[in-house]
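This briefing concerns a single protein chain, shown below. The points after it are grouped by topic.

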Amino acid sequence: MKKIEAVIKPFKLEDVKDALTEAGITGMTVSDVKGYGRQQGHSELYRGAEYVVDFLPKIKIELIVAEDSVDSTIDIIINAAKTGKIGDGKIFISPIEKTIRIRTGEEDEDAL
């Protein structure tokens, strides 16, 4: 099993969720996060004063998938989240040692 973490632009969340759901991936955790990469933030004007926004709002999606679904899940996320502009986000993949469903006690693949 692998954990896929995708950090994407907020307005792309529904597109990514719909694409994953259509592919049969039903469970995910979504968090509002802030960060920066190559974008390095930007300047904004508020009530006549300019200020720098260093950390930009992003969405982090976390999901656990079986080993054989990793590549297709990554492709789905890329196709749904990509705008072609700087700041589209990143995807991180990590191994998962064990998964347990609290309600039933099912483990690993059965707990997904």
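Leaving aside its neighbours within four places in sequence, Ile61 is in contact with Ile4, Glu5, Ala6, Ile8, Leu13, Val16, Met28, Thr29 and Val30, where contact means heavy atoms within 4.5 Å. The model is a predicted one: local features need pLDDT of at least 70, side-chain atom pairs count only at pLDDT 80 or more, and totals for chains, interfaces and linings use all residues. Residues are numbered from 1 along each chain as its sequence is written, and side-chain values use heavy atoms, with hydrogens and water left out.

**Overall architecture**

- The chain has two helices and six strands; helices (H or I, at least four residues) and strands (E, at least two) are DSSP runs, numbered from the N terminus.
- Along the sequence, these elements follow the pattern β-α-β-β-β-β-α-β.
- Of the 112 residues of the chain, 29% count as buried, the term meaning under 20% relative accessible area, with exposed over 50% and partly exposed in between (1.4 Å probe, protein chains only).
- Among contacts between residues at least 6 apart in sequence, 71% join residues at least 24 apart.
- The accessible surface of the chain comes to about 7,700 Å², and 50% of this belongs to carbon and sulfur atoms; the areas come from the Shrake-Rupley method with a 1.4 Å probe, and for residues only the protein chains shown count as cover.

**Sheet**

- An open sheet is formed by four strands in the order E2-E5-E1-E6, with antiparallel pairing; two strands pair if DSSP finds at least two bridges between them.
- Strand E2 (29–35) and strand E6 (89–95) are the edge strands, each pairing on one side only.
- From one strand to the next, the twist averages 20 degrees; axes are lines fitted to C-alpha atoms, for helices over the stretch in contact, and angles run from 0 to 180 degrees between N-to-C directions.
- E2 and E5 run antiparallel and are joined by seven bridges; the bridge partner of Ser31 in E5 is Lys60, and Thr29 stands opposite Glu62 in E5.
- E1 and E5 also run antiparallel, with seven bridges between them, and Glu5 has Glu62 as its bridge partner in E5.
- Seven of the ten residues of E5 are buried, so this strand is largely enclosed by the rest of the structure.

- The buried residues of H1 are Leu13, Val16 and Leu20. Seen down the axis of H1, they fall within an arc of 70 degrees, so they line one face of the helix; the arc is that of the directions from the helix axis to the C-beta atoms.
- The cover over these buried residues of H1 includes E1, E2, E5 and H2.
- Just after H1, Gly24 takes a positive phi of about 95 degrees.
- H2 lies across E1, E5 and E6, running at about 10 degrees to E1.
- Thr73 lies in helix H2 (residues 70–81) and counts as buried because its relative accessibility is 1%.
- Leaving aside neighbours within four places in sequence, Thr73 is in contact with Ile4, Leu20, Ile25, Leu63 and Val65.

**Nonpolar core**

- Of the 16 residues in the largest nonpolar core, Ile4, Ile8, Val16, Leu20, Ile61, Leu63 and Ile77 touch the most other members.
- The elements giving two or more residues to this core are strand E1 (2–8), helix H1 (13–22), strand E5 (56–65) and H2; the largest share, five residues, comes from H2.
- A nonpolar core is a set of buried Ala, Val, Leu, Ile, Met, Phe, Trp, Tyr and Cys residues joined through side-chain atoms within 4.5 Å.
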